[in-house]
Amino acid sequence: MANSRRPGYPSRGLPDVISASKTDSGAGPAGGATPEPPPGKVLSFPEPKAKRRRRIVLSMAAVIAVLLAAIVAAAVYSPWLAVRTVTVEGTRMLTPEQVKAALAPLQGKPLPQISDEQVTGLLQPLVQVKAVTTQARPPSTLQVKITERVPVALLKQGEAFQLVDVDGVQLGTTTDPDSVKLPVIDSGGGALPKELFHAVTAVLGALPPDVLARLSDASAKSVDAVELKLVDGQTIVWGNAGEKELKAKVLAALLKAPADPKNPVRVYDVSVPRHPVTR
């Protein structure tokens with residue numbers, strides 16, 4: 001009869017389960033184990049070239065920005081660029097000394113801190129100034145260019161005559177109108193209505209200086225009925241302020257035409273500039 005018992009092994013005092021474990025003490029190259037780095041030590045890898053290049057560029061940009069900021073600050077506040085000289089151009093009614101006196105508060109102020117708005121504010125009491133531009137000329141010169149208002153008429157007020165521009169700004173006064181070659185606007189002893197005044201001054205402002213100098217007076221019964229008088233006695237029928245540039249050109253051409261002693265012109269009518277009439 002066959003034996004159904006499985007073959008066994010003598011225990012000899014050994015445990016029923018056999019296990020194996022690996023410890024750090026016996027591990028090494030000889031045992032086939034891979035050595036581990038000591039605790040707390042991190043492996044370092046080379047920095048990528050692109051990242052290193054970007055870091056260098058950013059660092060240089062930051063340094064340049066700091067240097068530029070320092071240069072700008074030094075220029076803005078440096079006493080080396082302080083205003084010591086002011087030059088003035090474009091004055092006719094005013095004198096350069098009047099402008100320089102008005103700009104005296106700018107003396108000693110650094111040029112980069114001065115703006116056109118600041119200069120305009122200081123010159124505001126001088127009504128003759130219409131516009132102003134400035135230019136810094138280092139190390140210490142401020143150049144000022146003045147655009148003055150242009151007088152177009154003498155506004156009669158009692159015994160005095162006010163020199164006015166197209167906006168009605170009073171630029172000066174005189175008691176001798178013959179000393180100024182500009183037409184007189186006579187308000188008739190009272191206040192001239194604003195719309196009539198601007199209708200007349202708009203026409204006068206469109207005339208060239210040589211024609212303006214030949215006028216003796218200007219008037220308007222309405223905004224559509226502006227009339228001018230020449231010093232020779234002729235009348236200019238202007239009409240309204242429309243097409244004033246074209247009317248001014250036509251009038252200038254008519255005044256340059258040779259005079260006919262037998263048929264002297266008494267009236268120049270440019271109210272319809274494309275069909276002017278003389279009579």
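1. Across which strands does helix H3 lie, and at about what angle to E2 does it run? In this predicted model, H3, formed by residues 116-123, lies across E2 and E3. Its direction is at about 135° to that of E2.

2. The strands in question belong to an open sheet of three strands, ordered E1-E3-E2, in which the pairing is mixed. Strand E1 (85-89) and strand E2 (129-137) form the edges, each pairing on one side only. From one strand to the next, the twist averages 20°.

3. The pairing of E1 with strand E3 (residues 141-148) is parallel and extends over five bridges. Within this part of the sheet, Thr87 stands opposite Gln143 of E3.

4. The largest nonpolar core comprises 35 residues. Those touching the most other members are Leu204, Leu207, Leu228, Ile236, Trp238 and Leu251. Helix H4 (residues 194-206) gives the most to this core, contributing six residues.

5. A further core, of 17 residues, lies apart from the largest one; its members include Ile114, Val129, Val132 and Leu142. In soluble globular proteins, nonpolar side chains tend to be buried together.

6. With residues up to four places away in sequence not counted, Trp238 touches Val203, Leu207, Val226, Leu228, Lys244, Lys247, Ala248, Leu251, Val270 and Ser271. Among these contacts, Leu207, Leu228 and Leu251 are also listed with Trp238 as core residues that touch the most other members.

Note on methods:
Residues are numbered from 1 along each chain as its sequence is written. This is a predicted model: local features need pLDDT of at least 70, side-chain atom pairs count only at pLDDT 80 or more; totals for chains, interfaces and linings use all residues. Side-chain values use heavy atoms; hydrogens and water are left out. Two strands pair if DSSP finds at least two bridges between them. Helices (H or I, at least four residues) and strands (E, at least two) are DSSP runs, numbered from the N terminus. Axes are lines fitted to C-alpha atoms, for helices over the stretch in contact, and angles run from 0 to 180 degrees between N-to-C directions. Contact means heavy atoms within 4.5 Å. A nonpolar core is a set of buried Ala, Val, Leu, Ile, Met, Phe, Trp, Tyr and Cys residues joined through side-chain atoms within 4.5 Å. Buried means under 20% relative accessible area, exposed over 50%, partly exposed in between (1.4 Å probe, protein chains only).
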